[in-house]
Amino acid sequence: MNLSIVVIGLSVTSSWGNGHATTYRALIEALARRGHCVTFLERDVPWYRDHRDLTKPSAWNVELYQSLKDIPRRFGTLIRDADLVVIGSYVPDGIALSEWITAHARGLTAFYDIDTPVTLAKLDQGLDYLSAAMIPRFDLYLSFAGGPVPDMIEESYGSPLARVLYCSADINIYAPQRAEQKWALGYLGTYSEDRQPVLEQLLLSPARTLSFEQFVVAGAQYPAEVAWPANVTRIEHLTPEHHPKFYAEQRFTLNATRADMRALGFSPSVRLFEAAACGTPVISDWWPGIETIFEPSREILLASKPRDVVEILRDMSEDRRRAIAESARRRILADHTSDHRARQLETYYTEASDRRRRKTARLPASRPLQVAEI
């Protein structure tokens with residue numbers, strides 16, 4: 001099965017303040033390796049234009065467009081003839097684009113919700129990128145949240161087929177590296193107001209207690225008023241190519257979860273998979289379903305308060321630290337690589353195609369029009 005696929009997403013060219021980029025890159029690279037022809041369409045906006053960190057991909061295409069009207073004018077034929085057209089969350093003018101795509105694409109259409117917890121929390125209040133009325137028009141709803149969430153999207157919003165498609169780790173990039181450990185604990189992530197209390201509790205507060213240890217936070221858009229302890233190094237931005245070395249320089253890394261993701265559950269972040277793939281043990285806050293991703297205490301460490309983190313950093317033996325890291329990496333290799341996601345998407349495509357075929361077969365045959373009626 002070699003598919004022609006069009007993906008319209010927030011950004012694949014820049015990872016600056018944008019966790020979507022590495023998710024898209026990993027999935028598309030895996031699809032291309034499996035023989036699919038993929039084109040990514042991205043709105044050319046200043047904040048990503050000034051921070052692009054994607055070298056020209058060799059096996060798939062990226063096209064930039066300036067405005068909504070460019071889509072039918074420049075890419076109308078591409079979208080019409082594609083086997084699968086995917087539009088992601090947070091795409092500018094996403095509702096208008098979705099309406100046009102679902103009306104004009106001959107192949108299957110899918111919505112890839114990389115922000116499922118946020119989407120479901122705010123859908124009834126109104127979003128710029130998706131409306132509840134659009135969900136039944138997509139052949140496939142790809143959810144970043146698993147567990148009971150896909151069934152809920154089908155039952156509550158009328159999706160004909162909702163399936164989980166978690167993020168993943170591209171193990172060609174995210175792998176263990178040799179490096180001198182600089183930091184007891186680190187964190188990689190863009191600033192988010194609802195995630196900052198977790199960072200405060202599980203990294204900044206332990207840093208104040210363990211003043212003799214070194215900590216690090218890398219990520220963009222943190223406000224100037226954040227009070228960083230003296231032993232916390234700040235890095236404004238790291239491109240994906242530098243992530244593996246960054247993880248290798250930490251004894252442990254922190255996974256901090258946004259409020260909507262904690263509330264909905266079953267919503268792992270891409271950093272969780274990438275850190276584990278690099279062989280760095282993860283300390284995470286708890287959310288429903290985390291045990292379906294990693295086994296607590298064996299593959300991941302859970303913390304709810306500063307004291308939990310302090311005890312891990314102060315008391316855990318090196319042998320146990322390494323054992324947890326190795327177990328988590330084995331889980332990634334078994335279940336959460338980008339190739340796993342590409343194969344899942346192929347399965348969902350086949351499932352949605354079969355469903356459409358059965359639906360078409362059930363439709364009553366139309367009566368041929370008579371000349372006088374044309």
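At what angle do helix α1 and helix α13 pack, and how far apart are their axes? I will start there. This is a predicted model, in which local features need pLDDT of at least 70 and side-chain atom pairs count only at pLDDT 80 or more, while totals for chains, interfaces and linings use all residues. Residues are numbered from 1 along each chain as its sequence is written, and side-chain values use heavy atoms, with hydrogens and water left out.

To the helices, then. α1, residues 20-33, packs against α13, residues 338-362, at about 70°, and the axes are 8 Å apart. That makes α1 roughly perpendicular to α13, a term that covers 65 to 115 degrees. Axes here are lines fitted to C-alpha atoms, for helices over the stretch in contact, and angles run from 0 to 180 degrees between N-to-C directions. Helices (H or I, at least four residues) and strands (E, at least two) are DSSP runs, numbered from the N terminus.

On the α1 side, Ala 26, Leu 27, Ala 30, Leu 31 and Arg 33 meet Ser 338, Asp 339, Arg 341, Ala 342 and Leu 345 of α13; contact means heavy atoms within 4.5 Å.

Next, strand β4, residues 84-88. Five of its five residues are buried, so the strand is largely enclosed by the rest of the structure. Buried means under 20% relative accessible area, exposed over 50%, and partly exposed in between, with a 1.4 Å probe and protein chains only. Leu 84, Val 86 and Gly 88 point one way, Val 85 and Ile 87 the other.

β4 runs parallel to β1, residues 4-8, and four bridges join them; pairing requires at least two bridges found by DSSP. Ile 8 stands opposite Ile 87. With β5, residues 108-113, β4 pairs in the parallel sense over five bridges, and there Val 86 has Ala 110 as its bridge partner.

Now another sheet to look at. Six strands form an open sheet in the order β10-β9-β8-β11-β12-β13, with parallel pairing. β10 (232-235) and β13 (301-302) are at the edges with a single partner strand each, so one side of each is left without a neighbour in the sheet. β9, residues 215-218, pairs with β10 over four bridges, and Ala 218 stands opposite Ile 235.

Last, Trp 286, in the loop between β12 (282-284) and β13. At 51% relative accessibility, Trp 286 counts as exposed. Trp 286 and Leu 302 are 16 residues apart in sequence, and 6.1 Å apart in space, C-alpha to C-alpha. Leaving aside neighbours within four places in sequence, Trp 286 contacts Arg 262, Glu 291, Leu 302 and Ala 303.

Notes
Parallel < 35°, antiparallel > 145°, perpendicular 65-115°, else oblique.
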